[in-house]
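Me: I would like to learn how to read the inside of a protein model. Please take me through it step by step.

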Amino acid sequence: MWHLNFAIATGERSLTVRFTVALLFGALAHPATAQIFITAFPGERIEVAGLDGSNHRILLDMDRTFSPADYRPFGVTVSGASLYWTDTKQGAIYTAGLDGSNPRKLVDLEDSFGTDHDAFPFGLAVTDSAL
């Protein structure tokens, strides 16, 4: 097991939050919502906690949210009131509200590139007008 330590400085204070995961894929500390989002193995899910480590919970379980399949949430980011993540097993980019509401596949990269190419999106960046 690995221990993930976030050192967060907010100007007035700093703190360390600790998660225990087998293999970390993606992590994002989002001070505007006072939350940390992580994707890790094992698990086909996105977890969230407060910046102080409180209220640690599963935000999205892919098999429960979508049809059962082989998912691997990897890169994660936030823009506005939306969470975005890549999935390396599905070759796609997904989105949901910061509370996990309205989850959906946004882009199927394997369909975009054609059937002769596999897509393994490891990360993403979001601006007001582009992924």
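**Strands, core and rings**

Reply: Start with β9, which is mostly covered: six of its six residues are buried. Buried means under 20% relative accessible area, exposed means over 50%, and partly exposed lies in between (1.4 Å probe, protein chains only). Strands (E, at least two residues) are DSSP runs, as are helices (H or I, at least four), and they are numbered from the N terminus. This is a predicted model, in which local features need pLDDT of at least 70 and side-chain atom pairs count only at pLDDT 80 or more, while totals for chains, interfaces and linings use all residues. Residues are numbered from 1 along each chain as its sequence is written, and side-chain values use heavy atoms, with hydrogens and water left out.

Me: In what sense do β8 and β9 pair, and over how many bridges?

Reply: Two strands pair if DSSP finds at least two bridges between them. β8 and β9 pair in the antiparallel sense over six bridges, with S82 opposite G97 in β9. Their hairpin has four residues between the strands, and G91 there takes a positive phi near 60°.

Me: Which strand pairs with β9 over four bridges?

Reply: That is β10 (residues 104-108), again in the antiparallel sense. I93 has V107 in β10 as its bridge partner. The hairpin of β9 and β10 has six residues between the strands, and in it G100 takes a positive phi near 90°.

Me: How many residues has the largest nonpolar core?

Reply: In soluble globular proteins, nonpolar side chains tend to be buried together. A nonpolar core is a set of buried Ala, Val, Leu, Ile, Met, Phe, Trp, Tyr and Cys residues joined through side-chain atoms within 4.5 Å. The largest one here has 17 residues, and those with the most contacts inside it include L83 and W85. Elements giving two or more residues to this core include β5 (45-50) and β8 (82-87). β9 gives the most, with three residues.

Me: How are the aromatic pairs arranged?

Reply: Rings of Phe, Tyr and Trp (its six-membered ring) pair if their centres lie within 6.5 Å; planes under 30 degrees apart count as stacked, over 60 as edge-to-face and the rest as tilted. A search of the whole structure finds four aromatic pairs. The rings of F66 and Y71 have centres 6.2 Å apart and planes at 35°, so this pair is tilted. W85 and Y94 are stacked, at 5.6 Å centre to centre and 5° between the planes, and both are buried. Ring pairs link F66, Y71, W85 and Y94 into a cluster.
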